[in-house]
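Here are a few notes to read alongside the model.

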Amino acid sequence: MYGDDIASVLITQEEIAGKTKELAELIAKRYPADAPEGDLLLVGVLKGAIFFMTDLAKALPIPTQMEFMAVSSYGSSTSSSGVVRIMKDLDKDIAGRNVLIVEDIIDSGLTLSWLKRNLSTRNPASLEVVTLLRKPDALRTHVDVAHVGFDIPNEFVVGYGLDYAERYRDLPYIGTLDPKVYS
Ligand code: PRP
Ligand code: MN
Ligand code: MG
């Protein structure tokens, strides 16, 4: 539907669904369904994480609640500066809760590293991260991530929530973008 903008399919819909189920089973083992901290709180990072967030919540065999944050990096649009601004904060207090940050991708790691520091000051009972994708070759800072779906090469990827200039989020798979689109 985007003509020949997509150079190749990197991860199919079926592979995403299989990995999501696998991650859900691992995550569920870490949080008892009747934890004294209450239901596991999924914190989705808008907008990229929306598809993964909803599919993961449906795959998790334990009760979860959902909150969303929107953050934006200052500086150039092609590389993250690590200075992050909150565009939409959580609606609820997370003190004493088991919190799992849900991300679509860790690129430089700067967004997540900032977000973890920010949320940890709010005294959650626990704070972990699940990300569908990670680019090991693009990491600029160490972030402790409990669950990673796929480590991928340092290429421009779109689909399943990931955008280029707000486009392509609606693709049901992860694809690489043809360089002609952004060059
Ligand atoms: C993307 C992606 C991650 C972040 C990763 O979000 O969804 O949240 O960048 O980059 P980093 O590891 O280099 O910090 P973006 O800021 O593009 O917003 P979006 O989710 O609304 O697309
Ligand atoms: Mn994002
Ligand atoms: Mg984006």
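1. Helices (H or I, at least four residues) and strands (E, at least two) are DSSP runs, numbered from the N terminus.

2. Before going further, please keep in mind that this is a predicted model: local features need pLDDT of at least 70, side-chain atom pairs count only at pLDDT 80 or more, and totals for chains, interfaces and linings use all residues. Residues are numbered from 1 along each chain as its sequence is written, chains are lettered from A and ligands numbered from 1 in the order in which they are written, and side-chain values use heavy atoms, with hydrogens and water left out.

3. Now to helix H1, residues 13-30. Its 18 residues reach 26 Å from first C-alpha to last, close to the expected 26 Å (1.5 Å times one less than the number of residues). Which residues of H1 are buried? They are Ile16, Lys19, Thr20, Leu23, Ala24, Ile27 and Ala28. Buried means under 20% relative accessible area, exposed over 50%, and partly exposed in between (1.4 Å probe, protein chains only).

4. Around ligand 1 there are 15 residues, of which Glu103, Asp104, Ser108, Gly109 and Thr111 come nearest (a residue is near if one of its heavy atoms lies within 4 Å). Strand S5 (98-106) and helix H3 (110-120) each supply at least two residues of this shell, and S5 has the largest share, with four. By type, the shell divides into four nonpolar, five polar and six charged residues (Ala, Val, Leu, Ile, Met, Phe, Trp, Tyr, Cys and Pro count as nonpolar, Asp, Glu, Lys and Arg as charged, and the others, Gly among them, as polar).

5. Finally, look at the oxygen atoms of ligand 1. One lies 2.8 Å from a backbone N or O atom of Gly48, and a polar side-chain atom of Arg169 lies 3.0 Å from an oxygen atom of the ligand. The protein covers 78% of the 500 Å² of accessible area that ligand 1 has on its own (Shrake-Rupley method, 1.4 Å probe).

Technical notes. A polar contact is a pair of N or O atoms within 3.5 Å; within protein, one must be able to donate a hydrogen and the other to accept it, and residues adjacent in sequence count only if both atoms are side-chain atoms.
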